[in-house]
Amino acid sequence: MKYQIGSENRPLSVAIIGSGPSAFYAAGDLLNRTELNVQVDMFDRLPTPYGLVRGGVAPDHQRIKNVTKIYERIASLPQFRFWGNVNFGTDISREEILKHFDCIVYAVGAKSDRQMGIPGEQLIGSYSATEFVGWYNGHPDYLDAQFDFSVEKVAIIGMGNVAIDVARILAKTPEELASTDIADYALEALKNSRVKNIYVIGRRGPVQAAFTSPEAKEMLELEQTEVIVDPEVLKLDGASQRFLDTTKNRDTVRTMEILQRIAGTEPEGKPRQLHLMFQYSPLEIYGSNERVSGIKLVKNKLVEGEGGRIKAEETGIIEELPVGLVLRSIGYKGVALPGVSFDEREGIIPNHNGRVVDERTKEICSREYVVGWAKRGPTGVIGTNKPDAIETTQHLLEDFRGQTAEAPEELKRESIEAWLKSKKIEYVTFEGWKRLDQHEIDEGAKKGKPRQKTTKIEDMLKIIK
Ligand SMILES: Cc1cc2nc3c(=O)[nH]c(=O)nc-3n(C[C@H](O)[C@H](O)[C@H](O)COP(=O)(O)OP(=O)(O)OC[C@H]3O[C@@H](n4cnc5c(N)ncnc54)[C@H](O)[C@@H]3O)c2cc1C
């Protein structure tokens, strides 16, 4: 007997891989449609949901993390289930998912990072911001990472919001960090930090910097760190000034105003300094005994390229900056999932507005969809993922509209649980996660923190049980 897919008797069953913002926005859109009967099963390789909201967003940005309240409401819908601690690619495969569900939505983000491609990048003391961010946020992948804070000078390459997050965590005092949900071991390590100078290095000028005005403003509020901007670099070239005078982007104007304020402020003699170094490109990280001891930079000038875009052009003036730690923050990058189409160059799952495309044949892969950073690359804030996910779910629903099918045994909800059990996967349900969540909040409250993160997967599983 055949039923309409999405009808009362034959729900549309969707597997979402990943549980970050894009996954929840996709689930929310699918489950809030009254005209359709949709079931969502969300899988994450970690026992904890929310992706970069837990593992990326800075620990001193708790207000931003409140977005998880919206995701909790979605998770409370009866047609939603969460299966944490289930890794797509090892625990479950694409073929199995396609057997048990009508379709897959990949929401796996971009977990790796881009390399600069300069000599010395592999020296001890040179790391990606991805590692550092994962480490201070207690992401289980980075628990063993080690950073040497006995050095006095640190360079951060890149000038986006992530670079500023990293600089701020290095610049804050243990007292400023103690009331956040930073991982315990990170707070301990940073208590002994001897870092005095933090250099944030950007290729282009202040008008082109990718960090936003709230991040700029926060730099002014650092208790023990002075922010240093060379006033000369704020004397804009013609093209940058024209852009600033005509841009509709109020945030760029606000950021410039804050930078002017910083440059015009007399130093107060605070013990740490955060230097915003505009118009420099890294050429080489050098070291002795395999350890970073400095970075070679070239000064850039700004030139107007095609379409008015302002480019950085090397001047040939070389400067050396002695530093003991280099953190590169030049962008995240997706990694391929086993058996799933992948665009190596862009680091994304190739797609046409969310419908996955076979990288070789360029044909649409039916029943496979993608959202979030895995779809468009590592750009945009949490909110950007909502319209992005809805574009995909609209196409998904279009593809299934009017289709009929039988109700095979594999698509039943109980079959999915039985399937995971038969594979001996130690899965975590949303109720399980809520137990861990409450435990973390209770433990945090004892120390005046929003939460005390559990960082080892085995400990998470013990608490959940
Ligand atoms: C350091 C940092 C700080 C940020 N700070 C802010 C901020 O303050 N404000 C803001 O608005 N935005 C911020 N962003 C941006 C925001 O985090 C992203 O826009 C958003 O998280 C992207 O959502 P996503 O769902 O595509 O990916 P993610 O959030 O990365 O989620 C991907 C999920 O997929 C899971 N996964 C991956 N592989 C597998 C697999 N094989 N099997 C099962 N599950 C898998 C992961 O465990 C993860 O839960 C920040 C980003 C970074 C990197």
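1. The model is predicted: local features require pLDDT of at least 70 and side-chain atom pairs count only at pLDDT 80 or more, while totals for chains, interfaces and linings use all residues. Residues are numbered from 1 along each chain as its sequence is written, and side-chain values use heavy atoms, with hydrogens and water left out.

2. The protein chain is divided into domain 1 (3-111 + 334-428) and domain 2 (112-332), with bounds from an automatic or database domain assignment. Their centres, taken over C-alpha atoms, are separated by 34 Å.

3. In domain 1, 19 residues are in contact with 21 residues of domain 2, contact meaning heavy atoms within 4.5 Å. About 1500 Å² is buried between the two domains, 49% of it on carbon and sulfur atoms; buried area is the accessible area (1.4 Å probe) that two parts lose on being put together, summed over both.

4. Where does the ligand lie? Both domain 1 and domain 2 give residues to the shell around the ligand, so the ligand lies between them.

5. There are 31 residues around the ligand, of which S22, D44, L52, W373 and I382 come nearest; a residue counts as near if one of its heavy atoms lies within 4 Å.

6. A polar backbone atom of G380 is 3.1 Å from a ligand oxygen atom, and a backbone N or O atom of I382 lies 2.9 Å from a ligand oxygen atom. Of the 990 Å² of accessible area that the ligand has on its own, the protein covers 91% (Shrake-Rupley method, 1.4 Å probe).

Definitions and conventions. Polar contact = N/O pair within 3.5 Å; in protein donor to acceptor, adjacent residues only side chain to side chain.
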